[in-house]
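Take a look at the model below. We will go from overall dimensions to the core.

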Amino acid sequence: TFHFENRYRHKNGEFRVLNWSANFSAGDQLIYALGVDITERKQSEKALRLSEERYRDLVENSHDLICTHDLDGRLLSVNEAAVRLTGYPRETLLQMNMADLLVPDLRHLFSAYLKKIRSLGRAHGLLSIQTASGEQRCWEYNNTLRTEGVAVPVVRGMSQDITERRRAEAAVREGKADHLAIL
C-alpha cells in the first residue's frame, strides 16, 4: 500500500487535489487505487496557516508584552516585547513564574491575583516588576482566563510598560517638566 497526492485540472478548469491510496495485487498483477478529493481540506489548511502567520506577526511585533501563563503563574508563552522589556532571554522567561518578575516586596500579593483570575476570569491593574538588570518598572496589565477550547485553563496576559509615562506625570505634578508635548 502506498499513498500520494496529485493535483489535477477539473473539466471546469479549476485545479483539484486528490489523495490516493493504492495497493498492488501480485496474484492478478493489478493495482487497486482509491482517490479522494481533498481540495477543500487543503484550502482550509492554507487559510488556517495564513491566519496563524498573521496572528504570530501581530503578537511578535507588538510593543506591549503578550504572554500566557497557567493558573499557578508559570509562563507558557511570551512575545518578543516580553524579552525586550524584562531583559531576560525567552528560554529563561519560559522557565519562570510570573511572581519571579515582581519586585521582591510585592511577591506575596501574587496569590491574591491568581485567586481573582480563578474566580472572576479576569484581572487588571498595575504591577511593579524587576528586570534582569535589577531595574524596577511599572506595568499596566489586563489579563483574562481562557477556559473554552483548551484542555487546561490558561491566562492570556497583556501588559504595557507605563514607567516613562508615570515619571513624566510625576515631573509635571512637581513642576519639573520643561515642556509638555502632545502627539
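What radius of gyration does the protein have, and what would a compact globule of 183 residues have? The protein has 26 Å, whereas the globule would have a value near 16 Å. Keep in mind that this is a predicted model. Its C-alpha trace spans about 95 × 40 × 30 Å along the principal axes.

Next, the secondary structure. The protein has six helices and eight strands. Along the sequence they follow the pattern β-β-β-α-β-β-α-α-α-α-β-β-β-α.

Now the contacts and the surface. Take the contacts with a separation of 6 or more: residues 24 or more positions apart account for 32% of them. Of the 183 residues, 30% count as buried, meaning under 20% relative accessible area. The protein exposes about 12,800 Å². Carbon and sulfur atoms supply 53% of that area. The charges number 26 positive and 25 negative. Their mean positions are 3 Å apart.

In soluble globular proteins, nonpolar side chains tend to be buried together. Here the largest nonpolar core has 27 residues. Leu75, Leu93, Leu101, Phe110, Tyr113 and Ile117 touch the most other members.

How values were computed. Residues numbered from 1 in each chain as written. Predicted model: local features only at pLDDT ≥ 70, side-chain atom pairs only at ≥ 80, totals over all residues. Heavy atoms only, no water. Helix = DSSP H or I, 4+ residues; strand = E, 2+ residues; numbered from the N terminus. Rg over C-alpha atoms; globule rule 2.2 N^0.38 Å. Buried < 20%, exposed > 50% of the residue type's maximum accessible area, 1.4 Å probe, protein only. Contact = heavy atoms within 4.5 Å. Areas by Shrake-Rupley, 256 points an atom, 1.4 Å probe, with all protein chains shown as cover. Lys, Arg positive; Asp, Glu negative; His and termini not counted. Charge placed at Lys NZ, Arg CZ, Asp CG, Glu CD. Core = buried A, V, L, I, M, F, W, Y, C linked by side-chain atoms within 4.5 Å.
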